[in-house]
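Subject: Handing over the two-chain model

Hi there,

I'm passing this structure on to you, and below it you'll find my notes on what turned up. Please keep it open beside the text while you read.

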Amino acid sequence: MSGKHANKVVASIADALAPLRDGMTILVGGFGLSGNPEALIRGVLERGVRDLTLVSNNAGNLGKGLAQWLHAGIIKKVICSYIGNNEDLHTRMASGEVQVEITPQGTLAERMRAAGAGIPAFFTPTGVGTVVEDGKETREIDGRRYLLERALHGDIALVRAQTADHFGNVRFWRTARNFNPVMATAARLTIVECDRLVANGTIDPDDVHLAGIFVHRIVHVPEHENAFEYRTVRKR
Amino acid sequence: MPYSTEDMARRAAREIPAGSIVNLGIGLPTQVADYLPANHAWLHSENGLLGMGPFPYEGEEDPNLINAGKQTVTVLPAGSTFDSATSFAMIRGGHVDLAILGAMQVSASGDLANWAVPGGKVMGIGGAMDLASGCRRVIVLMQHTTKKGEPKLVARCDYPLTATRVVSLVITELGVFEPTGEVFRIVELADGDGLKFDKLFVTSG
């Protein structure tokens, strides 16, 4: 195969991140520390860029994952749904070092879904009558009030996959899927970090979770930390 | 005697019809699962899981199989996993029958405040607003007063709102209450006739 969908597999994280520049908007998959593109997150740190806008559900936790970007001072703005116990974000939000836009989680996911699907904005019932409505257009449709939310595009999306083929067809594992597929659709450049890289034709077409049309670069990263955020068990 | 947290969770479990799709919020609502009969309901977790099972046995934890509180969980037979946009389509689209959520304040008209304390640390919204406005029924499970003893069942919420006119039932350690518009209707009292009404009125400002 030739053309733009050929040779997506790159040799290193550094190669994959070559187009990264100061001031870019970066969409990162993951929910808490689950489904994080760990090697790409580290790779961005090593590049020494700054003034990034980060779009991610949590922006890390426990000093891990995207919290490392906060530590390094490379983020100027975070768009997320939840901060929780992420002290790295709390302190930088309080000091004004990082601007934080908090968005309801479903609205956050839908903003990227819309961006990837060519829909510039959408009406949603979520947030009506709350501070989320402030400054937004509202409309009553069939007797219920909705507010207008805008699509959210990124320059680069960083995605963690369990399995990818060379075309970029992807499968995820369990709840590590989370925001990864919508992030992949909404950026000009989508980079996938996969645990397993397989030959084209290995993944049955009916089993593809994210079609390769949305993927531009693939890096094979067999080893991951896969950090536990809260390890809970029951007695045998 | 007021309800214990176990009593409260057990009472909330009784509100779940067989075969329903239920989302249990973080904290006390998560414990409601412990009082559901096997195969009674389908638990939905907004990070992308339907058919959530109990915590795993030690040694079987998977950091990439978690609930919305980021705790390790399991998935039951016929369970499914999906992306966040699909998960919130289920919620916003009215496919989730019931949400049982914690709260900071509930008003007599069913307004819910459960994501921020004025002047407090902003923890974020997470899935709270989508769940509150999208699920077909919302039940609140919470303590009757704040740690300082301030009422949490109020005429009007003065905490930042999560959604308006969505709560259909409130379960606290003092009983079960239904927002009816102007007032809360007492559905049942934990202490029956023994409960001092002056306390109930004082704590439901």
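Before we look at where the chains meet, one definition: two residues are in contact if their C-beta atoms, placed from the backbone, lie within 7 Å. Please also keep in mind that this is a predicted model.

**Where the chains meet**

The contact draws 45 residues from chain A and 43 residues from chain B. On the side of chain B that touches chain A, two elements give two or more residues: helix H2 (84–92) and helix H3 (128–134) of chain B.

Is it mostly covered or mostly uncovered? It is mostly covered, with 7 of its 9 residues buried. Those buried residues are B:Ser84, B:Ala85, B:Ser87, B:Phe88, B:Met90, B:Ile91 and B:Arg92. From chain A, they pack against helix H5 (105–117), strand S5 (121–124) and helix H6 (180–185). From chain B, their partners are strand S2 (42–45) and H3. After H2(B) comes B:Gly94, which has a positive phi, near 80°.

**The nonpolar core**

The largest nonpolar core holds 120 residues. The members that touch the most others are A:Leu54 and A:Met183 from chain A, along with B:Ile100, B:Leu112, B:Ala132, B:Val138 and B:Val140 from chain B. Strand S8 (residues 154–165) of chain A is the element that gives the most to this core, with 6 residues.

Leaving out residues up to four places away in sequence, A:Leu54 touches A:Ile26, A:Val28, A:Ala59, A:Leu66, A:Trp69, A:Ile75 and A:Val78.

**Chain A**

Chain A contains 6 helices and 11 strands. Its radius of gyration is 18 Å, close to the 18 Å that the globule rule gives for 236 residues, so chain A is as compact as a globular protein of that length. Buried residues account for 50% of the 236. Of the contacts in chain A between residues at least 6 apart in sequence, 72% join residues at least 24 apart.

Which strands does it pair with?

- Strand S1 (residues 25–28) of chain A runs parallel to S8(A), joined by 3 bridges. A:Ile26 has A:Ile156 in S8(A) as its bridge partner.
- S10(A) is also parallel to S8(A), with 10 bridges between them. Here A:Ala161 stands opposite A:Cys194 in S10(A).
- Strand S9 (residues 170–171) of chain A pairs with S8(A) in the antiparallel sense over 2 bridges. The bridge partner of A:Ala164 is A:Val170 in S9(A).

S8(A) and S9(A) form a hairpin with 4 residues between the strands, and A:Gly168 takes a positive phi near 100° in it.

S8(A) also meets a helix. In helix H2 (residues 38–47) of chain A, the buried residues are A:Glu38, A:Leu40, A:Ile41, A:Gly43 and A:Val44. They pack against S8, helix H1 (13–16), helix H3 (67–72) and strand S10 (187–198) of chain A. A:Gly48 follows H2(A) and has a positive phi, near 70°.

**Chain B**

Chain B comes to 4 helices and 12 strands. Its radius of gyration is 17 Å, close to the 17 Å that the globule rule gives for 205 residues, so chain B too is as compact as a globular protein of that length. The C-alpha atoms of chain B fill a box of roughly 50 × 35 × 30 Å along the principal axes.

Strand S6 (residues 105–107) and S9(B) pair in the parallel sense over 2 bridges, and B:Val106 has B:Leu153 in S9(B) as its bridge partner.

Finally, look at helix H1 (residues 5–13) of chain B, where B:Met8, B:Ala9, B:Arg11, B:Ala12 and B:Ala13 are buried. These pack against strand S5 (98–101), strand S8 (137–141), strand S10 (167–172) and strand S11 (175–179) of chain B.

Enjoy exploring!

Key
Residues are numbered from 1 along each chain as its sequence is written. Chains are lettered from A and ligands numbered from 1 in the order in which they are written. This is a predicted model: local features need pLDDT of at least 70, side-chain atom pairs count only at pLDDT 80 or more; totals for chains, interfaces and linings use all residues. A nonpolar core is a set of buried Ala, Val, Leu, Ile, Met, Phe, Trp, Tyr and Cys residues joined through C-beta atoms within 7 Å. A residue is buried if 20 or more other C-beta atoms lie within 10 Å of its own, exposed if 12 or fewer, and partly exposed in between; C-beta atoms are placed from the backbone. Two strands pair if DSSP finds at least two bridges between them. The radius of gyration is taken over C-alpha atoms; the globule rule is 2.2 Å times the number of residues to the power 0.38.
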